[in-house]
Amino acid sequence: MTSPYKPSEAAKRLNSLSPRRRTVVKAAAATAVLAGPLAAALPARAADQAPAFLHGVASGDPLPDGILLWTRVTPTADAVPGSGIGPDTEVSWVVATDKSLTNIVAKGSTTATAASDHTVKADIRGLAPATDYWFRFSAGGTDSPVARTRTAPAADAAVPGLRFGVVSCANWEAGYFSSYRHLAARSDLDAWLHLGDYIYEYGTGEYGTRGTVVRQHAPTHEILTLADYRTRHGKYKTDPDLQALHAKAPVVAIWDDHEFANDSWSGGAENHTEGAEGAWSARQAAAKQAYFEWMPVRPAIAGTTYRRLRFGKLVDLSLLDLRSFRSQQVKVGNGSVDDPDRTITGRAQLDWLKAGLKASDTTWRLVGNSVMISPFSFGSLSADLLKPLAKLLGLPQEGIAANTDQWDGYTDDRRELLAHLRSNAIRNTVFLTGDIHMAWANDVPVDAGTYPLSASAATEFVVTSVTSDNLDDILKVSEGSVSTVASPIIRAANRHVHWVDTDRHGYGVLDITADRAQMDYYVLSDRTNADATSSWARSYRTRTGTQKVERTYDPV
């Protein structure tokens, strides 16, 4: 999403000799001298210490017979993320059915090298379905923490229920990741979904923090090179709350724009100046390489995050990549959102999604979707609300009826997908979405202009941000004050929207049975407080066969 704090492209060029720009250029050119400044991403360690697991352990992409394990070993004190140095180091792992690791069912080893930033992945197979396992890595006499993971149910299993944590949009500098801590404290998650913006690319102080950098990230300049992206991922992985959640349940992750640069598309990004910041192709390749090194994600097609996971007869989960193949976002006076030659998915991915939804024999079809698919119109927002909302959505502040970075900017793809759902009588499709830094519960109408007379083809649950600025942060007003005014206006102009909270930070818990899919929305007391409490805010569900959202008055 576009930041209200990001200078324009023209301003960036005019200030190309500013101290910040000189810092960026110098950092991009000086990747051979990285150990000192990049050490800020790690806790201090004595030079003679044994290898260490400073970035925790994680698992992801559960299958009925397998799981992907991840860690990063720091072999020597100077082999920090992004340094490109450090000796080859043998790393072993064990997987067991008990937390004390006495009943070992799988083990193996590999060599961590500087070529992969000393990250390690182990794709374990031969496991039992719907089973809890514990695992640990070891190197040079040092053991990692022991972590829990869980496999998916067998493909033909009659699954009574599933429960997923759901998060997106975690700006390191804006606050603490208490949402992760509260999810980690639960003992009932089959997995958790990260719907994008796991990291942010900006330099320190450049992205919304309500005027206060709560904690500084590394590197401090905008990330451009492979070393930069590795360092930023490494900094995030030092967060104790994030480490705790990764150690508690497997993650299923997709990327959005900030894993690359703001409002990215296949050929560039709003937050990228070709030439001054290198070639977009090189920056995109660096961002993707670092992402796959640092995330427990199994790319189904090389270089993308679109793939499909199955959880018994209950759920198919289709995961999208809405950045690698999309056309450039439409600007005012430059093209049309309805242009059939423009795409958000790319032809191959859209065909893959349609085929998978049609062929699915599960009760529910979930779609991990990084930007909102439900149509959204400003309606008659007052000027004081229109300006900050336009900033948050990355729109011209003069006003426009669509967020062109979302599916609203690619209406032909959306029209084709929703028509496919309707014409093939595909029921129980639920889009799970992040990006917008607000919580929403939506029907997805075939024709928003005539809704509710128009049919609803699907439903959508949008989770708010972990820490990234929402409307009250941009306006610097008390939490809830903007939502009290804006929410009823937004709903009046968008009758398919059942609820929107424009102001609070938090996470969702999605609970699924054969009868309904329910999203419980939780909010944090204060993103700037490392000990922030969590409380239930609201719950919405869609009952099987209805393709509509309804409020329910208790969390699961």
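**Figure 1. Lys-354 and its salt bridge to Glu-416 in the predicted model.** Lys-354 is buried, its relative accessible area being 17%, which places the residue under the 20% limit used for burial. Glu-416, at 21% relative accessibility, is classed as partly exposed. The side chains of Lys-354 and Glu-416 form a salt bridge with an N to O distance of 2.7 Å. Because Lys-354 belongs to helix α8 and Glu-416 to helix α10, the pair ties together parts of the chain that lie 62 residues apart in sequence.

**Figure 2. The salt bridge between Arg-326 and Asp-405.** The closest N and O atoms of Arg-326 and Asp-405 are 3.1 Å apart. Arg-326 and Asp-405 are both buried.

**Figure 3. The salt bridge between Arg-527 and Asp-469.** In this pair the closest N and O atoms are separated by 2.8 Å. Arg-527 sits in the loop between β22 (516-524) and β23 (534-543), and Asp-469 in the loop between β19 (456-462) and α11 (471-475), so the contact ties together parts that are 58 residues apart in sequence. Arg-527 and Asp-469 are each buried.

**Figure 4. A network of salt bridges.** Five residues, Arg-163, Arg-186, Asp-188, Asp-511 and Arg-516, are linked to one another through a network of salt bridges. In total, the structure holds 34 salt bridges.

**Figure 5. Asp-503, a buried residue without a salt bridge.** Asp-503 is located in the loop between β20 and β21. Although Asp-503 is buried, no salt bridge is formed by this residue. The nearest side chain of opposite charge is that of Arg-504, at 7.2 Å; the salt-bridge criterion requires a separation within 4 Å. A polar atom of the Asp-503 side chain lies 3.2 Å from the backbone nitrogen of Ser-483.

**Figure 6. The largest cavity and its lining.** The structure has two cavities of 30 Å³ or more, and the largest cavity holds about 60 Å³ of space. Its lining consists of Ala-439, Val-463, Thr-464, Trp-499, Asp-501, Arg-504, Tyr-507, Gly-508, Tyr-521, Tyr-522 and Val-523. The elements contributing two or more residues to this lining are β20 (497-501), β21 (506-512) and β22. Strand β22 supplies the largest share, namely three residues. Classified by type, the lining comprises seven nonpolar, two polar and two charged residues. Arg-504, one of the lining residues, is also the nearest side chain of opposite charge to Asp-503.

Technical notes
Residues numbered from 1 in each chain as written. Predicted model: local features only at pLDDT ≥ 70, side-chain atom pairs only at ≥ 80, totals over all residues. Heavy atoms only, no water. Buried < 20%, exposed > 50% of the residue type's maximum accessible area, 1.4 Å probe, protein only. Helix = DSSP H or I, 4+ residues; strand = E, 2+ residues; numbered from the N terminus. 1 Å grid on protein atoms, 1.4 Å probe; cavity = no way out; pocket = protein on both sides within 12 Å on 5 of 7 lines; lining within 4 Å. Points joined across faces, edges and corners; volume = space filled by probe spheres on them. Nonpolar A, V, L, I, M, F, W, Y, C, P; charged D, E, K, R; others polar. Lys, Arg positive; Asp, Glu negative; His and termini not counted. Polar contact = N/O pair within 3.5 Å; in protein donor to acceptor, adjacent residues only side chain to side chain.
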